[in-house]
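Student: I would like to learn how to read a protein model one feature at a time. Please begin with the terms as they come up.

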Amino acid sequence: MKRTLLCIGLVLASLSSWSAPGAHGPNGEHLDQAAPVNASGLARLPDGSVNVPKIAQRRMGIRTLVASETEAAATLQLPGRVVQDPNASGRVQASYVGRIEPGPKGLPVPGQAVRQGEILAWLRYQSEPFAQAGQEAQRAELRASRQLAEQRLQRLKGLEGTVPRKEIEAARVDVESLSARERSIAASIQSREPLRAPVSGVIARSDLAAGQIVDARDVLVDIIDPSRLMVEAQTADVTLGERIGNASLAGQDGVKLQLAGVPRALRDGVLPLTFRAQADKPGQAAPLAVGQTVNVIVALRDKAKGIALPAEAVVRSPVNETVVWIKTGAERYTPQPVQVKPLDAKTVLVTRGLATDNRVVVLGAPLIAQIR
């Protein structure tokens, strides 16, 4: 009996030495301390779900919605870009080689409003030295010929009555012709062409500087009407244009799209679809810029079944998987992988992964996804 009590005492002593104050585990952890607990109660559980206490739910503004199946138009997302409306835009180009001179109001700057016919700048003719020397020589020759012709005309006028009238008229015509040619040469040497705005609108791009030398056909100024822009989308399906019901821009509120027409020719192997972009409020410009890349969501006339949810309800998991968060308990939320299609800028259609009795987080899902 004594031997048995002695063995039990030795075992207890050894156990107390293993977990005595200051004892460490194989990874350096303190064995005499309790496991750390998250003071806020927010924690991601081993199965991937998240524990969110009630007070944290109210603070995060989490809202849920019972999923219900609906039938919506099937949608596709197409890459596109914002382009000019050819009926509401214009371009100023140089007609010959010349030097830029400021206009009456100075040189135009991007964003400046202009009116049709307004002088934006002057283009003064700039020729090569040899060409200019040839023009000066031709001008001097014409000046000398004109002076001789005028002297001959004066002599014939002094002999009027003794010389035929037709000779005097011929001399007068010769003087007028030489004078016109001299003026034309002089005007070509010192010519200055006004660069006028072809349409009313806003300067979208201006490549003008005082004293700048430009070549013929150089694009100097682009003018657009910001209230009349277009969006060009591309697709490889040549039958898509006939099946489009309506269209919108992904992530762009306040813009309506209207299909301008279905082309019958491919460009670089794809079919370009052009949409007219208009602001929801009449008289205002759409928040778009020429050259901006956008995503066009086209709704087809075909119908598809699914669960419509706000776009902010869909988030990405740590492995970059599309998921929604389902409330499975009073303080527990579980991620559910789903397949979605965009309906418009604010709504998506879940086509697979959800049941109609699931309570889905529609507000605050990105905050839940950040809990670790």
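Tutor: Begin with accessibility: a residue is buried under 20% relative accessible area, exposed over 50% and partly exposed in between, using a 1.4 Å probe and protein chains only. The model is predicted, so local features need pLDDT of at least 70 and side-chain atom pairs count only at pLDDT 80 or more, while totals for chains, interfaces and linings use all residues. Residues are numbered from 1 along each chain as its sequence is written, and side-chain values use heavy atoms, with hydrogens and water left out.

Student: Is Arg217 buried or exposed?

Tutor: Arg217 has a relative accessible area of 69%, so it counts as exposed. The residue lies in the loop between β11 (213-214) and β12. Strands such as these are DSSP runs of E with at least two residues, helices are runs of H or I with at least four, and both are numbered from the N terminus.

Student: What should I look for in the backbone angle phi of Arg217?

Tutor: Most residues other than glycine have a negative phi. Arg217 has a positive phi, near 75°. Asp268 also has a positive phi, near 55°, and sits in the loop between β15 and β16. With 79% relative accessibility, Asp268 is exposed.

Student: How many helices and strands does the chain have?

Tutor: There are five helices and 23 strands. Of the 372 residues in the chain, 34% are buried. A contact means heavy atoms within 4.5 Å. Counting contacts between residues at least 6 apart in sequence, 73% join residues at least 24 apart.

Student: Which strands pair with β17?

Tutor: Among them are β4, β14 and β22. β4 and β17 are antiparallel, with 12 bridges, and Leu76 stands opposite Val298 of β17. β14 is joined to β17 by five bridges, also running antiparallel, with Leu249 opposite Val296. β22 (residues 347-352) is antiparallel to β17 as well, through four bridges, and Thr347 of β22 stands opposite Pro310.

Student: Which residues of the largest nonpolar core touch the most other members?

Tutor: In soluble globular proteins, nonpolar side chains tend to be buried together. A nonpolar core is a set of buried Ala, Val, Leu, Ile, Met, Phe, Trp, Tyr and Cys residues joined through side-chain atoms within 4.5 Å. The largest one here has 22 residues, and Val231, Leu249, Leu257, Phe275, Leu288, Val296 and Val298 touch the most other members. Two or more residues come from each of β4 (69-84), β13, β14 (244-249), β15 (255-261), β16 (271-279) and β17 (293-310). Take Leu249: leaving out residues up to four places away in sequence, its contacts include Val231, Leu257, Leu288 and Val296.

Student: What joins the side chains of Glu232 and Arg267?

Tutor: A polar contact of 2.3 Å joins them. Such a contact is a pair of N or O atoms within 3.5 Å; within protein, one must be able to donate a hydrogen and the other to accept it, and residues adjacent in sequence count only if both atoms are side-chain atoms. Glu232 lies in β13 (residues 229-235) and is buried, at a relative accessible area of 10%.

Student: Where is Trp325 found?

Tutor: Trp325 is in β19 (residues 322-327). With 3% relative accessibility, Trp325 is buried. Its C-alpha atom is 4.5 Å from that of Pro335, 10 residues apart along the chain.

Student: Where is the confidence in the chain lowest, and where is it highest?

Tutor: Confidence is given by pLDDT, the predictor's score for each residue, from 0 to 100. The lowest mean, 43, belongs to helix α1 (residues 2-18), and the highest, 95, to β12. Over residues 4-37 the pLDDT is below 50, and this stretch has 14 contacts in the model beyond near neighbours in sequence. The chain averages 83, and 87% of the residues score at least 70.

Methods:
Two strands pair if DSSP finds at least two bridges between them.
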